[in-house]
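Me: I want to know what stands behind the labels used for this structure. Let us take them one at a time.

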Amino acid sequence: MRDPDRFRWWLLGLASLTRLVWVLGVHPPGEAMFSDMAHYVARAQHLVDAGIVLGDRSLAWQAWGTHTLLAIPLALVGAHSSSALVLAGLIWAACSVGTVVLGYALARAVLPETWGVWPARAVGLALLVWIPLLSHTGMFISETPYACALTGATLAAVVLVQTGERPVLAGCVAALAFVLRPQSGVFFALIGLLWLIDRLGGWGTF
């Protein structure tokens, strides 16, 4: 039986290669500046140019996490530089890669060990070739970083429940997912509800 960690490294390599090819050659994000993508870029540029302006409602129409994340490479390289968009595309690619690897790790954490390693590997391979996850890598939209953050938050929650370790990490990743897309709060509320039910003695209490 192969070492599961070796498969994880292979998965990381393949995910990185496919995402880099996608954002640098097949579908560069800088060529998809329309609809929500154009708004995210415009808000990121406005944030870099003007900073945080109290009372400015133009940044309130979408959750602030995505255009703030996008503003980081723009602030480093130049708000209106094409190189900044390339760097941002690489960040989006890294988020897509993270979703693949974290999804595999999550499957390893929750699937029964008696099933062996292949069900979790199938999950990892499915995420690797899942077209929406790949195609969204080439667009400056919230779904790509949000998928990574929510998968990471779910894995951190599972580790916290199973071992009681790293509660601060779980909270931080959950907060990141929330600022990217606040509707994730429903998911975290359900986790809290299940935790409360468990602490009260399980479903038999109700």
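Reply: Go ahead, but keep in mind that the model is predicted.

Me: What does the secondary structure of the chain come to?

Reply: There are nine helices and zero strands. Read along the sequence, the pattern is α-α-α-α-α-α-α-α-α. The C-alpha trace spans about 55 × 45 × 25 Å along its principal axes, and buried residues make up 39% of the 206 residues.

Me: Which share of the contacts with a separation of 6 or more comes from residues 24 or more positions apart?

Reply: That share is 72%. One example is Ile141, which touches Asp36, Met37, Tyr40, Thr66, Trp92 and His136, residues up to four places away in sequence not being counted.

Me: Where does Ile141 lie, and why is it called buried?

Reply: Ile141 lies in the loop between α6 and α7. Its relative accessible area is 10%, and the cut-off for buried is under 20%, so Ile141 is buried.

Me: What makes Ser142 a buried residue?

Reply: Ser142 has 2% relative accessibility, which is under 20%, so Ser142 counts as buried. Ser142 is in the loop between α6 (131-135) and α7 (143-163). Leaving aside neighbours within four places in sequence, the residues in contact with Ser142 are Tyr40, Thr66, Leu180 and Arg181.

Me: How do you know that Ser142 makes a polar contact with Arg181?

Reply: The two side chains make that contact at 2.6 Å. A polar contact requires a pair of N or O atoms within 3.5 Å, one able to donate a hydrogen and the other to accept it, so 2.6 Å meets the distance limit.

Me: What else does Arg181 do, and what makes it count as lying over a ring?

Reply: Arg181 lies over the face of Tyr146, at 5.8 Å from the ring centre. The distance limit is within 6 Å, so 5.8 Å meets it. Another case is Arg121, whose charged end sits over the ring of Trp118, 4.8 Å from the centre of that ring.

Me: Where is Thr66, and is it buried or exposed?

Reply: Thr66 is in helix α3 (residues 64-77). With a relative accessible area of 0%, Thr66 is buried. Apart from neighbours within four places in sequence, Thr66 is in contact with Tyr40, Trp92, Ile141, Ser142, Val179 and Leu180.

Me: How many aromatic pairs does a search of the whole structure find?

Reply: The search finds three. One of them is formed by Trp92 and Phe140, with 5.6 Å centre to centre and 90 degrees between the planes. This pair links distant parts of the chain: Trp92 is in helix α4 (residues 82-110), Phe140 is in the loop between α6 and α7, and they are 48 residues apart.

Me: Why is the pair of Trp92 and Phe140 called edge-to-face?

Reply: Ring centres must lie within 6.5 Å to pair, and planes over 60 degrees apart count as edge-to-face. The values are 5.6 Å and 90 degrees, so the pair is edge-to-face. Trp92 counts as buried at 0% relative accessibility, and Phe140 is buried with a relative accessible area of 0%.

Me: What makes α7 roughly parallel to α9?

Reply: The axes of α7 and helix α9 (residues 184-199) come within 12 Å and cross at roughly 5 degrees. Angles under 35 degrees count as roughly parallel, so α7 is roughly parallel to α9. In α7, Tyr146, Leu150, Ala153, Thr154 and Ala157 meet Ser184, Phe187, Phe188 and Ile191 in α9.

Me: Why does Gly185 count as partly exposed?

Reply: Gly185, found in helix α9, has 23% relative accessibility. Buried means under 20% and exposed over 50%, so 23% falls in between and Gly185 counts as partly exposed.

Me: What is the phi of Arg166, and why is Arg166 called exposed?

Reply: Phi of Arg166 is near 60 degrees, a positive value in a residue other than glycine. Most residues other than glycine have a negative phi. Arg166 is in the loop between α7 and α8 (167-180). Its relative accessible area is 58%, which is over 50%, so Arg166 is exposed. Ser35, in helix α2 (residues 35-50), also has a positive phi, near 55 degrees.

Definitions and conventions
Residues numbered from 1 in each chain as written. Predicted model: local features only at pLDDT ≥ 70, side-chain atom pairs only at ≥ 80, totals over all residues. Heavy atoms only, no water. Helix = DSSP H or I, 4+ residues; strand = E, 2+ residues; numbered from the N terminus. Buried < 20%, exposed > 50% of the residue type's maximum accessible area, 1.4 Å probe, protein only. Contact = heavy atoms within 4.5 Å. Phe/Tyr/Trp six-rings, centres within 6.5 Å; stacked < 30°, edge-to-face > 60°. Lys NZ or Arg CZ within 6 Å of the ring centre and 35° of its normal. Axes fitted to C-alpha atoms, helices over the stretch in contact; angles between N-to-C directions. Parallel < 35°, antiparallel > 145°, perpendicular 65-115°, else oblique.
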